[in-house]
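Welcome! Please take a look at the sequence and the 3D structure shown here, and keep both open while you read.

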Amino acid sequence: MQSADIKPNLSAVFRQVFSQPSLDIQDDMTAADVPGWDSLTHVTLVFAIEQRFGVKFSTREVMVLKTVGDLVRLIERKTQS
Amino acid sequence: MNYVDLTNASRTLDYSDCTRTVRIALICDSTAQYMEPLFKTLLCQGGIRADVYASAYGTAELEVLNPTSGLYAFEPDVVVLANSVLALRDRYYTFVGDRARFVADQTEIMGSLWTALRAHTNAAIIQTNYIVPNEQLFGSYDDRVGVSFTWAVAQLNHGIAEGVRRRNDIYLCDIDHTAAYHGRKHWLDEKMWLLAKTFCAFEYLPHAVKSVVDIILSLNGKSVKCVVLDLDNTLWGGIIGDDGLEGIRLGHLCDGEAFVRFQHFLRALRQRGILLAVCSKNDPETARLPFRHHPEMVLKEDDITVFLANWVSKAENIRHIADILRIGLGAMVFIDDNPFERGVVRDALPEVIVPELPEDPADYVRCLAELNLFETTSYSALDAGRADLYRIEAQRQLAQRSFANPEDHLKSLEMKIICQRFEAFHLPRIVQLLQRSNQFNVLTRRFNQAQCETFMHDTANSLPVYLSLRDKYGDHGIIGVIIGRVDDQILSIEEWVMSCRVLARGVEQFAMNFVVAEARARGVESIRARYVPTARNGMVKNFFGDMGFRRTNESVEGVIDWELETSAYQPGIHFISVDAGDALHAVR
C-alpha cells in the first residue's frame with residue numbers, strides 16, 4: 001500500500017477513534033496536536049489501525065511511534081511485506 | 001460488538017429508556033478505563049443506566065480492605081472483581097516456594113477480599129475467574145506434575161468456583177468459558193498488556209464485559225422468560241401446510257436432524273423454566289399436526305405455554321402472548337427464520353429481543369447459546385415447574401381474549417403491488433406457485449407451463465394475472481396467481497392461488513377489487529367462482545363468501561359454487577398501492 005492510499009484510511013481511523021469527524025491528519029502531527037490523544041487512546045488507536053489495515057505491529061514499533069508520518073511509513077512497510 | 005464504536009457510543013448515551021440506575025464499582029488489576037465505557041453502553045442497551053467507579057491501577061486490594069476507600073464512599077450496588085491472568089502471571093513466576101502453595105494463597109486472598117467486601121457493603125459481588133493461559137511445561141502430563149502456570153490457573157479456577165458455591169452471596173462470572181468459546185489463542189494480547197495493561201485483546205473486550213453485564217442485567221430482573229417460536233423452517237424444515245406431515249424435514253430426512261437438535265435445546269430450556277410459545281402464520285389445526293403426529297418431533301403440545309397459529313400479524317400475537325403471561329416484552333425473545341417477520345416485530349416491538357437467525361438450521365443452537373440470553377443468578381425447583389403453571393393460566397386467558405385492530409400496522413408496511421397479465425419472463429415462478437400452493441388454492445387445478453402460456457396468449461377470453469408484492473422490508477416476489485375466463489358477459493374464476501406468507505395484509509381485498517374492476521371494464525355483469533375442497537385448503541372454503549359472493553350451490557363432496565353481480569360489489573378495504581403507474585392497463 002502506498003502512502004497516498006494509506007492516508008485517507010488512516011484519517012478515517014483517527015476520526016473514528018477521536019470522534020472528530022473533521023479531523024485532518026498531517027505527517028508532522030504528534031499526540032500534542034490532537035485533543036484526546038493520550039497514552040490510553042494511543043493504544044486504542046493502534047488497535048483500530050491494526051484492524052483497518054489488517055496488520056500487526058510489534059510492541060517496540062508501537063513504542064517508538066512519535067508522529068503521524070511515522071505511522072504512515074510503518075503501515076507502508078507492514079502492508080508491503 | 002466493536003470496541004471503538006461501543007466506546008464512542010458511551011459518550012452520547014440516551015438514558016430515556018432506562019428504568020433504573022445501577023452503581024457499579026470495577027475492581028481490577030488491569031486498566032479499568034478501557035472497560036468502563038463498555039459497561040455504560042452495554043448496560044444502557046439493556047435498559048440500565050450505569051454509574052461506574054473504577055479503581056486506580058494497582059490499588060484493587062487496598063480499595064477493598066480499607067473501609068474508608070473511595071470504593072465504599074461510592075456506595076456501589078454491584079462490585080465487579082475482574083482480575084487479569086496476566087497480572088497473576090507476574091506474581092506466579094516470582095513466587096518463591098511450592099506451586100501448590102501459590103494456588104492456596106491466592107484462593108485464600110480472594111476469600112478474604114470477599115469477606116472484607118461483605119463486611120463493608122451489601123452490594124452484589126461478581127467475581128470473574130481467570131483465563132486459562134497456554135503455558136504448559138509438560139503438555140498433557142502437566143496435570144501430574146503440577147508446576148506449570150496453566151495448571152495453577154486451572155486449579156485456581158476450581159478454587160474460585162468452589163468458594164463461590166460455598167458462600168452463596170458471590171456471583172461467578174465464567175469469563176474463561178467466554179474466552180474459550182471465542183478462542184483463548186487470540187483472547188489475550190501480550191503486546192497490549194505490555195503497552196497499556198489491557199484486560200484482554202481489544203477485539204474481545206466487549207465480549208468480556210458483556211459476560212459481566214449479562215449477570216448485572218439478570219440481577220436487575222432483565223432476563224428472558226419466554227421464547228416465542230415460529231414453526232415452518234424454524235422448528236422443522238419446510239412448510240407444514242404445503243409439504244404435509246410426510247414432507248417436512250425433521251429427523252432423518254435431509255437436514256432434519258438439525259431441527260431435532262434445536263428442539264432438544266429448546267426443551268432443555270423449558271425444563272429449566274423458560275416458557276416456550278408458538279407464534280405461527282398457519283391454520284391452527286395444521287400447525288399442531290407435527291406436535292401430535294410426527295414421530296421425530298421432540299417438543300410436544302404440553303411444552304408450549306401459549307400456542308397461537310393464525311393469520312394475524314406476529315407483532316400483535318407477541319403482544320397478546322405477553323399479556324396472557326403477564327410478562328414484559330423485554331422478557332421475550334422471538335425466533336423466526338423469516339427476515340420479514342423479524343423486521344415487523346423489531347419495528348413494532350423494539351423491546352422484544354429478535355436475534356438474526358443463521359440461514360442454516362444446523363447453526364440455530366449455536367446462535368441462541370452465543371447470545372447468552374438465559375443468564376440467571378438463582379435457580380430453584382420452583383423455576384422448573386413454572387412452565388406448567390403458566391400454561392394452565394394461559395389456556396384460561398386465551399379463551400377470553402380477542403385481538404386488537406391491526407390496521408395501523410398494515411399502513412406502516414407501505415405495501416406496493418404489481419398486478420399484471422402473465423409475462424413469459426415470470427412464467428416459471430407462476431407455474432411453481434400453482435404447483436406448490438396447497439392452502440390458499442381454491443381449485444387446485446395445477447396448471448402447467450404450456451397451459452399457462454396458452455392463457456397468456458389468449459387475450460380475447462383469458463384473464464391470467466399474477467401479483468407481486470413488495471413492502472418496506474423488501475420484495476416478496478410473485479405471491480398470487482388468478483386465472484379468469486370471460487365468455488358472454490360472465491367471468492369465471494378458473495384458479496386463484498396465493499402464498500400464505502402474505503395473507504391477512506389486504507392482498508386478497510386488493511386482488512378482488514382488481515378482478516371486479518377488470519370485469520366491469522369488459523362489460524361483465526356476473527363473476528362465477530368455485531371452491532373444491534382438498535385435505536389442506538380449508539382456509540379458503542369461505543373465501544368468496546367473505547368477499548361478498550353469494551353461495552349458489554354446494555355438492556355433497558363439499559364443492560361450493562359462488563356468484564357475484566359486479567354492480568353489487570362493495571370494494572374491500574386495504575392499504576396497498578399500485579407499484580407501477582401503468583400496471584392496471586397492461587393487463588388488457
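The report below walks through some helices, strands, ring pairs and single residues.

## Before you start

This is a predicted model, in which local features need pLDDT of at least 70 and side-chain atom pairs count only at pLDDT 80 or more, while totals for chains, interfaces and linings use all residues. Residues are numbered from 1 along each chain as its sequence is written, chains are lettered from A and ligands numbered from 1 in the order in which they are written, and side-chain values use heavy atoms, with hydrogens and water left out.

## A helix in chain B

Let us begin with helix α8 of chain B, residues 149-167. Helices (H or I, at least four residues) and strands (E, at least two) are DSSP runs, numbered from the N terminus. The expected span of a helix is 1.5 Å times one less than its number of residues. For the 19 residues of α8(B) that gives 27 Å, and the end C-alpha atoms are 27 Å apart, which agrees.

## A four-stranded sheet

Next, find the open sheet of four strands in chain B, with the order β8-β7-β6-β9 and parallel pairing. Two strands pair if DSSP finds at least two bridges between them. At the edges are β8 (306-310) and β9 (332-335) of chain B, each pairing on one side only. From one strand to the next, the twist averages 15°.

Strand β6 (residues 226-229) of chain B runs parallel to β9(B), and four bridges join them. Leu229(B) has Ile335(B) in β9(B) as its bridge partner. Helix α15 (residues 284-293) of chain B lies across β7 (275-281) and β8 of chain B, at about 130° to β8(B). For such angles, axes are lines fitted to C-alpha atoms, for helices over the stretch in contact, and angles run from 0 to 180 degrees between N-to-C directions.

## A hairpin and a buried Asp

Strands β15 (residues 550-554) and β16 (residues 560-565) of chain B run antiparallel and are joined by four bridges. Arg550(B) has Glu563(B) in β16(B) as its bridge partner. Five residues lie between the strands of this hairpin, where Gly558(B) takes a positive phi near 95°.

Asp561(B) is also part of strand β16 of chain B. Is Asp561(B) buried or exposed? It counts as buried, at 17% relative accessibility. Beyond its neighbours within four places in sequence, Asp561(B) touches residues including Ala529(B), Arg530(B), Arg550(B) and Thr552(B).

## Rings and charges

Rings of Phe, Tyr and Trp (its six-membered ring) pair if their centres lie within 6.5 Å; planes under 30 degrees apart count as stacked, over 60 as edge-to-face and the rest as tilted. The count comes to 24 aromatic pairs over all chains. One of them joins Phe95(B) and Phe102(B), edge-to-face at 5.3 Å centre to centre, with 70° between the planes. Both of these Phe residues, Phe95(B) and Phe102(B), are buried.

A charge sits over a ring if NZ of Lys or CZ of Arg is within 6 Å of the ring centre and within 35 degrees of the ring normal. Arg99(B) has its charged end over the ring of Tyr92(B), 4.7 Å from the centre. Lys197(B) lies over the face of Trp193(B), 5.1 Å from the ring centre. Lys197(B) itself is in the loop between α11 (190-196) and α12 (205-219) of chain B, and has a positive phi near 55°.

Finally, turn to Met1(A), in the segment before α1 (3-17) of chain A. Met1(A) counts as partly exposed, at 37% relative accessibility. Which distance separates Met1(A) and Gln80(A), C-alpha to C-alpha? They are 6.3 Å apart in space, though 79 residues apart in sequence.

Note on methods: Contact means heavy atoms within 4.5 Å. Buried means under 20% relative accessible area, exposed over 50%, partly exposed in between (1.4 Å probe, protein chains only).
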